[in-house]
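Please follow the chain below from its overall fold to a few of its local details. The account begins with the order of elements and ends with individual residues.

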Amino acid sequence: MQSLITAAKANRHGHRDGTMILVAYRHGFRASELTDLRWDQVEFSAAALHVRRVKQGTPSTHPILGDELRALRKLQREQKPKSPFVFTSERGSPFTICANG
């Protein structure tokens, strides 16, 4: 997993992309759960992530480990323009899930 994160960090939006992979892996997110993640779900003071599941999943609270917490703080500081969504495109809009077929 670390090799994948390291490879993702080599591109133009490496910190964002590496953080996306880390968060998705640690919390078992579906793509739609990851792209819909909002800052109000991240509780920095308690190092907790409030997870909203899709497909009739049960909402839960997950701990955020130190490296992930630092990555999310950096992402929030550097996010321009500011957004309620954690992961945004270069233009500041939330990512969308595209279905082929």
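The protein chain has 4 helices and 3 strands, where helices (H or I, at least four residues) and strands (E, at least two) are DSSP runs numbered from the N terminus. Read from the N terminus, these elements follow the order α-α-α-β-β-β-α. This is a predicted model, in which local features need pLDDT of at least 70 and side-chain atom pairs count only at pLDDT 80 or more, while totals for chains, interfaces and linings use all residues. Residues are numbered from 1 along each chain as its sequence is written, and side-chain values use heavy atoms, with hydrogens and water left out.

As for overall dimensions, the C-alpha atoms of the protein chain fill a box of roughly 40 × 35 × 30 Å along the principal axes. The radius of gyration, taken over C-alpha atoms, is 13 Å for the protein chain, which agrees with the value near 13 Å for a compact globule of 101 residues; the globule rule is 2.2 Å times the number of residues to the power 0.38. Of the 101 residues, 37% are buried, meaning under 20% relative accessible area, with exposed being over 50% and partly exposed in between (1.4 Å probe, protein chains only).

Helix H2, residues 14–27, has 14 residues and reaches 20 Å from its first C-alpha to its last, close to the 20 Å expected at 1.5 Å a residue, the expected span being 1.5 Å times one less than the number of residues. Among the buried residues of H2 are Met20, Leu22, Val23 and His27. The buried residues of this helix pack against helix H1 (2–8), helix H3 (31–35), strand E2 (48–51), strand E3 (60–63) and helix H4 (66–78). Just after H2, Gly28 takes a positive phi of about 65°.

A positive phi also occurs at Ala47, near 50°, in a residue other than glycine. Ala47 lies in the loop between strand E1 (42–43) and E2, and Ala47 counts as partly exposed because its relative accessibility is 21%.

The segment after H4 holds Pro81, and the peptide bond from Lys80 to Pro81 is cis, with omega near -5°. Ser83 is also placed in the segment after H4, and Ser83 counts as buried because its relative accessibility is 11%. Leaving aside residues up to four places away in sequence, Ser83 touches Trp39, Thr88 and Gly92, a contact meaning heavy atoms within 4.5 Å.
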